[in-house]
Amino acid sequence: MAQIATIRPDADVLDAAVLEDVVTGSLRLTPEQALRIHREMPIQELGHWADARCRHLHGDRIRTYVVDRNINYTNVCTAKCTFCAFRRTGHEDDAYTLEYEEILQKIQELVDIGGTQILMQGGMNPELPLDWYVELLSSITDRFPQVHVHAFSPPEFIEFIDFFDPPGATLADKLRGVMKTLVDAGLQSVPGGGGEIFADAVRRKIGLGKCDAESWLTVMRVAHEFGLNTSATMMFGHIEGVADRIHHMELVRRWQDESISDFALDGGGRYMAFISWPFQRENTPLGRCAEWGEGSGDDMDAPFPGDVVARLDGTGDKRDHPKYGRRIRMAGASEYLRNQALSRLYLDNIYSIGASWVTMGPHIGQAALAWGANDMGSVMMEENVVSAAGTTYCLGEPLLCHLIRTAGFTPAQRDNAYRMLKLHERPQSPDLMVDDWSSQRADRLHVQNDAGCGTGGDNDQAVELTVQRN
Ligand code: SF4
């Protein structure tokens, strides 16, 4: 995995022999080659090559999932991301910060179903002192030493620096102080929330008050230095151009190279996974922008403003198009699969590519296993952030295993470090023990504006997932 391949900018990346080298990891794509693949390669062919690369890394037999729980400890946030329907200023009736006992109760429920990890993220809440986090982590590790704590995305860390003003001459120095405190209290890995799109022009438009790309990547570098693994994410399908997505992946790949080269020999961490998903528009300010072609004066034959502005080196300038940031281009299922497949081919130094069934739905999530994904992520007990902006899905373990098995693989439960915990090939497997599939449904979560954030409300619905016994 740490192998650094050669680069051949003149190679024809639509040529099968060249793509075979990408599959084996001996050739690394350039940003220009990736852009050409995105523009010119038919989606089935792109899926074929991404699947071949995935099989080269992960074999033909096993695809994984984890049993964890999303815990969003507060929705109070000082940032004003225009794509977010989750944040509250703190004055609304539904603004919340969970009590320790509520968080511990949620973890108990996770442990009761065999869960191994929590993913804990929140808004950037200026009312919470560092001691609040330390005490929270200590309580969790005292009561649940077996549960892996995957928590606090880079924007939260940057806000910790702003709120707590730790000593240090550089951002990295300040981060080291805060990170050490949290690691000593029980933090074990850092999730990749808040990545969105790294290019400055995009970030300034959609991530108001959130950290820039350099800061985001610096948080992860410090985490790697501390030996923590992390993940990287990308939210696309809004104002960005395709070149912005490739620039985003390029930064992840480049900083991963540096983390591996600088820290791996000393037990350092790295990006273990990359997960991308399309923007969900409902209840968000950004979602009220017209889609390109639907706004007044739009010329459908002209290129999308995001593509006019985007540059592969991230230097796009919003002044290059008068409608930049005022038109969006939503990504549907095929664009999602295309993007994910490209990430598998481009990110040659990242072990896992995660399928995003939470936003795309179970069936597209299953199809994603043929477009380069090796991991189905987590069973979903609750989801608060994306469901505030559109439909998300909750699946139990039997259905998740069933999706993996009927995609042609053996499901396996993994831990945060992608070590296999249970291989489900025997009759006792969660999916193979289900006799009555009518009781197994994918819960669909969808929070309307007037319903507030959260799950389990009147808007939650069950949707049929067609299941047949083999
Ligand atoms: S996306 Fe996160 S940082 Fe941005 S406003 Fe929402 S809660 Fe705050």
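1. Basis. Residue numbers start from 1 along each chain as its sequence is written. The model is predicted, so local features need pLDDT of at least 70 and side-chain atom pairs count only at pLDDT 80 or more, while totals for chains, interfaces and linings use all residues.

2. Ligand shell. Around the ligand stand Cys77, Ala79, Lys80, Cys81, Cys84, Phe86, Arg87, Gly123, Met124, Pro155 and Lys210 (C-beta, placed from the backbone, within 6 Å of the molecule). Seven are nonpolar, one is polar and three are charged (nonpolar: Ala, Val, Leu, Ile, Met, Phe, Trp, Tyr, Cys, Pro; charged: Asp, Glu, Lys, Arg; polar: the others, Gly among them).

3. Helix pair. Helix H9 spans residues 213-225 and helix H10 spans 242-263 (helices are DSSP runs of H or I, at least four residues, numbered from the N terminus). Their axes come within 10 Å and cross at roughly 25° (lines fitted to C-alpha atoms over the stretch in contact; angles run from 0 to 180 degrees between N-to-C directions). H9 and H10 are therefore roughly parallel (angle under 35 degrees).

4. Helix contact. Ala213, Leu217, Met220, Arg221, His224 and Glu225 of H9 meet Leu251, Trp255, Ser259 and Phe263 of H10 (C-beta atoms, placed from the backbone, within 7 Å). The contact residues divide into six nonpolar, two polar and two charged.

5. Glycine 361. This residue sits in the loop between helix H13 (357-360) and helix H14 (362-368). Glycine 361 counts as buried because it has 20 C-beta neighbours inside 10 Å (buried: 20 or more other C-beta atoms within 10 Å, with C-beta placed from the backbone). Tyrosine 393 is 32 residues from glycine 361 in sequence, yet their C-alpha atoms are 6.2 Å apart.

Notes: Helix = DSSP H or I, 4+ residues; strand = E, 2+ residues; numbered from the N terminus. Parallel < 35°, antiparallel > 145°, perpendicular 65-115°, else oblique. Contact = placed C-beta atoms within 7 Å. Buried ≥ 20, exposed ≤ 12 C-beta atoms within 10 Å, placed from the backbone.
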